[in-house]
Amino acid sequence: MSAVPQGKRVLSGMRPTGALHLGNYYGALRNWIELQYRYECFFFIADWHALTTDYEDTSGLPQAMHEVLIDWLAAGLNPGVATLFVQSQVPEHAELHLLLSMITPLAWLERVPTFKDQQEQLKEKDLATYGFLGYPLLQSADILLYRAAFVPVGEDQVAHVEITREIARRFNHLYGREPDFEQKAERAIKELGGRNITLYRQLRRRFQETGDVAAIERARALVESNTRITVADRERLLGYLEGSSVSVLPEPQALLTASPKVPGLDGRKMSKSYGNTISLREDPDVVAAKLRTMQTDPARVRRTDPGDPEKCPVWDLHKLYSDEPTRQWVQQGCRSASIGCLDCKKPLIERIVEEVTGMRKRAQEFEENPDMVANILIEGGEKARAAARATLDEVRRAMHLRPQ
Ligand code: TRP
Ligand code: SF4
């Protein structure tokens, strides 16, 4: 049914912070929307992550999750191709988190940059909890549970993908050995069928004898594109190419989102905590009013004072929204004081009103059909659970957590 190429998986999550704003859209969501047509994608609302810093009053969570989901759909995430779900509806995240916690050295968690930073920055919150310390590990479980190859994240999250790689490596080192691995791998080769059997053997030999990288890459592609073998056999065949262990939990790679600078109304980065946002489904009149009072180059006190777009956050919005002729008109008009700031903002107001109007229109269908939204999450949750269970089966087996 899916039109998406199988194989490499993408996973990412977002905390349920309520209605999303333009910064969230250009910083993450827009990228997810592109990825969904190129990979098998899993995107989830990280409600458990919200608890790691805000556990006292959780009453706003349902509404916040609803808003995020509506925004995802309005922006173009397509539940027909991507799997959309809520973390707490897939309890397998908790099981993997627990198992990984057994092998994670405390020091690894204590040295994650966000641990100390956030404890210092968010002094008003009690972040001396077990849950907060373990939050990067919960994220590792999120990622490894789906054997994601790629994790689209912003700069601030790269360290979390890095620790995930270390944990995967440690797990595979500890538990990636099956006593009868070679026999099982040999049996799996036969499952490849036809001439792929000889081809796999030739490529493996070439890599092992001469270190031929092109050979191992071809062999990997051969294994990954084979849809007849089981997930377990696929991991065995991949592991067998290099040596004698299975990579039960493959190491993910961060896909750093190239995010343009999205200024908030006060000129600082757009962020909910600064209260300087334009939300994705903002009322068009409010968009216009907010932009009209947006911070400009502080040196332009009077209409007759020339300005410098480089010192103006409105210019950053033009870089995001305006075509070349408009940008030239801004540059020239600002520097010569031939246009006023309100003139300068006019084309932006038009573009952004157009954008939020499109979002509002697409959101309407979902706002009016709560059942449809609920079903998207139920279906997404089921698909996610099936994928998660397949990994956990392997994990349990590797850790000998099965009665004889
Ligand atoms: N920690 C991420 C954030 O605060 C959200 C998140 C949770 C996530 N689990 C994830 C992102 C897994 C990528 C992959 O933004
Ligand atoms: Fe900023 Fe435009 Fe005013 Fe120049 S004219 S200061 S770019 S808003």
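**Figure 1. Crossing of helix 1 and helix 17.** In this predicted model, the axes of helix 1 (residues 22–35) and helix 17 (residues 341–368) come within 13 Å and cross at roughly 75°. Helix 1 is therefore roughly perpendicular to helix 17. On the side of helix 1, the contact is formed by Leu-22, Tyr-25 and Tyr-26, and on the side of helix 17 by Ile-352, Glu-355 and Met-359. Of the residues in this contact, 5 are nonpolar, 1 is charged and none is polar.

**Figure 2. The ring pair of Trp-32 and Trp-72.** The structure contains 12 aromatic pairs. In the pair shown here, the ring centres of Trp-32 and Trp-72 are 5.4 Å apart and the ring planes stand at 70°, so the arrangement is edge-to-face. Trp-32 belongs to helix 1 and Trp-72 to helix 3 (residues 61–75), so that the pair links distant parts of the chain, 40 residues apart. Trp-32 has a relative accessible area of 2% and is buried. Trp-72 also counts as buried, at 0% relative accessibility.

**Figure 3. An aromatic cluster.** Phe-42, Phe-44, Phe-85 and Tyr-146 are linked into a cluster by ring pairs.

**Figure 4. The whole protein chain, for orientation.** The protein chain comprises 18 helices and 5 strands. Its C-alpha atoms fill a box of roughly 80 × 50 × 45 Å along the principal axes. Of its 404 residues, 48% count as buried. The chain exposes about 20300 Å², of which carbon and sulfur atoms supply 51%. Among contacts between residues at least 6 apart in sequence, 78% join residues at least 24 apart.

Notes:
Residues are numbered from 1 along each chain as its sequence is written. Chains are lettered from A and ligands numbered from 1 in the order in which they are written. This is a predicted model: local features need pLDDT of at least 70, side-chain atom pairs count only at pLDDT 80 or more; totals for chains, interfaces and linings use all residues. Side-chain values use heavy atoms; hydrogens and water are left out. Axes are lines fitted to C-alpha atoms, for helices over the stretch in contact, and angles run from 0 to 180 degrees between N-to-C directions. Helices (H or I, at least four residues) and strands (E, at least two) are DSSP runs, numbered from the N terminus. Angles under 35 degrees count as roughly parallel, over 145 as roughly antiparallel, 65 to 115 as roughly perpendicular and the rest as oblique. Contact means heavy atoms within 4.5 Å. Ala, Val, Leu, Ile, Met, Phe, Trp, Tyr, Cys and Pro count as nonpolar, Asp, Glu, Lys and Arg as charged, and the others, Gly among them, as polar. Buried means under 20% relative accessible area, exposed over 50%, partly exposed in between (1.4 Å probe, protein chains only). Accessible areas come from the Shrake-Rupley method with a 1.4 Å probe; for residues, only the protein chains shown count as cover. Rings of Phe, Tyr and Trp (its six-membered ring) pair if their centres lie within 6.5 Å; planes under 30 degrees apart count as stacked, over 60 as edge-to-face and the rest as tilted.
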